[in-house]
Amino acid sequence: MNYESLPEYLSYLSYGFRTLSSEEHFKLEHSLRNLQRAQQLNSVYFLGKLEGMEADYYLAFGCPGQDLFSGRKLFYSLNLIDWYLLLEPKSWTSDWDQIKSMFRGDPAFQLTVDFGPQFTLDEDLVPIEGASRILVLKEQDRLWFVVSRLLEEAAVVPRGVLYHTTDGKSVINSFFDGMPVCDGVDLRNYHHFRLPVTEPRKNLLKRDKCSYFFDVFDPAVYCIPKVESFDLTRDPMRDVVLLKSLQWPGMVSFQRANSKAYGFFYFGDGRKNWNLMFKF
């Protein structure tokens, strides 16, 4: 959620059974405005809160220009006053999302992770068990990884929010006016909040009626595991559609029918749900 929209959209946090106190809201709005000025950012978005054992990380990201994904910066705060830039680690692997330990709440904490024995194949293709792979990583590096994966895998927005310009930029469509209820309850009408992983041409061919400017982005329905990655529900009282990530519990995307109200937020412990792959 853009920090400037927080007063209007704060009530949507209740759909994730979370809220912000008046003090948190005041500090957040003030400090993010200062962050935008200090970092010379075009826009700043509040992502949510990662809950640790001893302290919580407040999360935000900002864009230096109109392009949402070019040069995007990730930030965290422990007190809602001071914000720190999350830098990409010099080396990391995709299996970091298999770490099951809780976050401590200390960016300098060194976590030792045992990924288990490594296997090689002999000349007869028989697996041979080798030494365990032990990794020591800083919690701040793991925090960067988790926030990156949240935005990559679990954040979605309604179709028409992301606009692909003729010069290759991905920007917010300022003319987006919302979707009717009948479209809002269809998972195919939501896009991942990221650059397309699938070839844009394939995404365009998946729709009977497509627009190059909107449909080059990856639909939320085409992900692994398919369909089961999101739980789509609707609040009929307010015509609010909710998409809760089952891969990253705590990530909730929302949009209100026939309005410009949409966004996503995360309140969770930073651990991925690997049991989803084995759901029957």
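Tyr9, Tyr12, Tyr15, Phe254, Phe265 and Phe267 form one aromatic cluster in this predicted model, for which local features need pLDDT of at least 70, side-chain atom pairs count only at pLDDT 80 or more, and totals for chains, interfaces and linings use all residues. Residues are numbered from 1 along each chain as its sequence is written, and side-chain values use heavy atoms, with hydrogens and water left out.

Rings of Phe, Tyr and Trp (its six-membered ring) were paired if their centres lie within 6.5 Å, with planes under 30 degrees apart counted as stacked, over 60 as edge-to-face and the rest as tilted. By this rule the count comes to 20 aromatic pairs. The rings of Tyr9 and Phe254 have centres 6.0 Å apart and planes at 85°, so this pair is edge-to-face. The pair links distant parts of the chain, with Tyr9 in helix α1 (residues 6–9) and Phe254 in strand β13 (residues 251–256), 245 residues apart. Helices (H or I, at least four residues) and strands (E, at least two) are DSSP runs, numbered from the N terminus. Both partners are buried (under 20% relative accessible area, with exposed over 50% and partly exposed in between; 1.4 Å probe, protein chains only): the relative accessible area is 9% for Tyr9 and 2% for Phe254.

Charged groups also lie over rings, by the criterion that NZ of Lys or CZ of Arg is within 6 Å of the ring centre and within 35 degrees of the ring normal. Arg72 lies over the face of Phe61, at 5.7 Å from the ring centre. The charged end of Arg142 sits over the ring of Phe103, 4.0 Å from its centre.

Helix α3 (residues 139–154) has 16 residues and should span 22 Å at 1.5 Å a residue, which agrees with the 21 Å between its end C-alpha atoms; the expected span is 1.5 Å times one less than the number of residues. Of these 16 residues, 13 are buried, so α3 is largely enclosed by the rest of the structure.

The loop between β13 and β14 contains Ala257, which counts as buried at 9% relative accessibility. Ala257 and Phe17 are 240 residues apart in sequence and 21 Å apart in space, C-alpha to C-alpha.

The lining of the largest pocket draws at least two residues from each of β1 (43–51), β9 (170–172) and β14 (262–268). Strand β14 gives the most to this lining, with three residues.
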